[in-house]
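This report describes selected features of a structure made of chains. Please examine the sequence and the structure before reading on.

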Amino acid sequence: MAFLLDSLSASLRLIASGDPAFLHAVWTSLYVSFWSIILAALIGIPAGIAVGLSEFPLKRTVITVLNSLMAVPTVLIGLLVYGFISRQGPLGGFGLLFTPTAIIVGDAILAAPIVANLALSSVRGANIAIIPTAMTLGGDRLQCVLTLLSEIRFGMMAAVISGFGRVVSEVGVAMMLGGNILGYTRTMTTAIALETSKGEFALGIALGIVLMAVALAVNVVFQFLQRK
Amino acid sequence: MSTTTSTENSGLLAVLLPPFEKKFECKVDVIAVGTGKSLKLGETGDVDVVFVHARSLEDKFVADGFGVNRRDVMYNDFVILGPPEDPAGIRKSGSVLDAFARIALAQARFVSRGDESGTHQKEKEIWKAAGIVPKGKWYLEAGQGMGEVIQMAAQVRGYALADRGTYIAYRKKTDLVVLRQGDRGLWNPYGVIAVNPARHPHVKFGLAMKFIEYLTGEEGRRFIAEFKIDGEPLFFVGGTKGN
Amino acid sequence: MEPLYRLESVCKRYGEKEALAISALEIGKGSFNLLTGPNGSGKTTLLSTLAFLLPPTSGELYYSGNRVEWKGRGLVALRREATLLHQSPYLFDGTVFSNIAYGLKVRSIDGGMHGERVGKALEMVGLEGFAGRKARALSGGEMQRVALARALVLEPRVLLLDEPMASVDRESAAVIRNVIAGLPAGGTTVIMATHDPDRMGWPDGLRIHLEEGRLSRG
């Protein structure tokens, strides 16, 4: 018990100290997570809406596939992207491996199915009267869809936030595609992995606390927006 | 027993441990982690014996009273790997220190373990001896294992310091070549230490001491010397010539 | 005079089931029409068709003498002339004002006009001062009146209503009745489905009685 308390107090002191390497890891996590979720939303939200609103023969199959994509392990995504951007891969010439951009791409691929699925659920769960009401009040096709989106905006926001939670806490993609390079691609999660392997529990716990705090903060903001 | 991942990955233990286990009717549970964690496990009494290759850290371990009876076991060596085109021109270097200096001067990419491992300690010693503080976009502290660092160096066309064992294991996977080897400064001595029973009464001290005796005795030394990968011996017994 | 609506052999089928089969029907401009019939007799289907929301499976619909093509911008233009008030109307997540102004917004009517027009519509349904309230926080009768105001603010040529006073308190019902009854005088054609055609003293007009999707004497 004393061990845990010691580690906890040491980690709190570390957070307070403002150690630059520590802060940079926090910043990198937020930076890559933010951009990857933007990318994921740009792909996932339109995809979820399109599938939700249209009728086509293989619709059930597509929905099942979309669902299964959420369970793809991060290391598999890391592997696939690695295959493309390593020197031996087709996009090797761009030198993208071991850069924050590579992590952003990998995390976007990770989060897109989550965002798409939750967006799809939102659309399917929306009140069926929304579009007919918008239509009879004179909306054209685009206006009706936009109205639908506005009515289910909290579901959409939840989709994006879910995706964010997933990417900010993952380590497989960040490690494989980023390389855990100090001051460049070291994120909170890869730093925790490193410090743990070194036996530096206090630092690992400190990073863990900040990670949880970030996840909590994002959710609190979301709750606040919903209340309004 | 706690040891380092590179020791485990070399495959030596698979040859070295069974005869001991048979002779003394026991089992050696190997926990292979980073050097820092190996020593920490010894500090907390979670293992009975520690087998690493970081002399300065080992000495501190004993001085702090966590371990007793440190003995040299063997040594292997490090090599400096780099791309065949050798952008920093270290083929022409006169010494290890000179090679590192050339890399720093050319600001050629160098991938470091960055994880307080034995290899990392050796790397830091060399920079210090050369009077250089490696900093800048060319110096990549990867915070990962040896295999990953070698692959990263290949990807970014940079240099790295690697233990010979892991290098041999990855030789066919990358196009990096050995650009500098054989210097005394690249020798890597291994030490075995028993965890102090005065600190942690529950440790199997007797068995630990027998293990140390075995490693440094005739039988152990023979197994070590005869261990080869790809026809090349990896470790050399003697040990005291290290630092 | 050319009727506003003319239906020729209009039929709506869902798979095997025939929901609507009207051989001939005419509805005059500015008229007051009551639509009656038991549940499931096709009243909602007919209303949706006349609101240009539901294309028939077969047959032709003529509006203002022109044949209705069920596609394109033309269809949107038609929908903007006829507004349907559903039985339990869906109110958008927002204020009473934003709900009522919705139709004005999608028609790109100048925002400066909204305040005045919304105010007039609220007056008509007796909800002055309700503009800033959250639409979904109102009582059933109040929500129904907001939905009515939302349609009226658009000054539609046709107002279609699906049992507008089904589950509404007495005060709201009275307000709604008076508003609807007064519409034909202003030139609006009213077509209303109701279970109780004789109770509220509606103006004279056509009685359309449906049984199992077909016109009948009733």
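Is strand S9 (residues 187-195) of chain B mostly covered or mostly uncovered? The strand is mostly covered, since eight of its nine residues are buried. The model discussed here is predicted.

## Strand S9 of chain B and its partners

Strand S9(B) pairs with strand S3 (residues 49-52) of chain B, and the two run antiparallel, joined by four bridges. Within this pairing, B:Phe51 has B:Val192 of S9(B) as its bridge partner.

S9(B) also pairs with strand S4 (residues 67-82) of chain B. This pairing is likewise antiparallel and extends over eight bridges. One of the residues involved is B:Val68, whose bridge partner in S9(B) is B:Ala194.

## The fold of chain A

Chain A contains eleven helices and zero strands. Its C-alpha atoms occupy a box of roughly 65 × 50 × 25 Å along the principal axes.

Of the 228 residues in chain A, 43% are buried. Among the contacts in chain A with a separation of 6 or more, 76% are between residues 24 or more positions apart.

## The contact between chains A and C

Chain A contributes 13 residues to the contact, and chain C contributes 17 residues. On the side of chain A that touches chain C, helix H6 (130-136) and helix H7 (141-151) each supply at least two residues. H6(A) gives the most to this side, with five residues.

By residue type, the side of chain A that touches chain C comprises five nonpolar, six polar and two charged residues.

Technical notes: Residues numbered from 1 in each chain as written. Chains lettered and ligands numbered in written order. Predicted model: local features only at pLDDT ≥ 70, side-chain atom pairs only at ≥ 80, totals over all residues. Buried ≥ 20, exposed ≤ 12 C-beta atoms within 10 Å, placed from the backbone. Pairing = 2+ DSSP bridges. Contact = placed C-beta atoms within 7 Å. Nonpolar A, V, L, I, M, F, W, Y, C, P; charged D, E, K, R; others polar.
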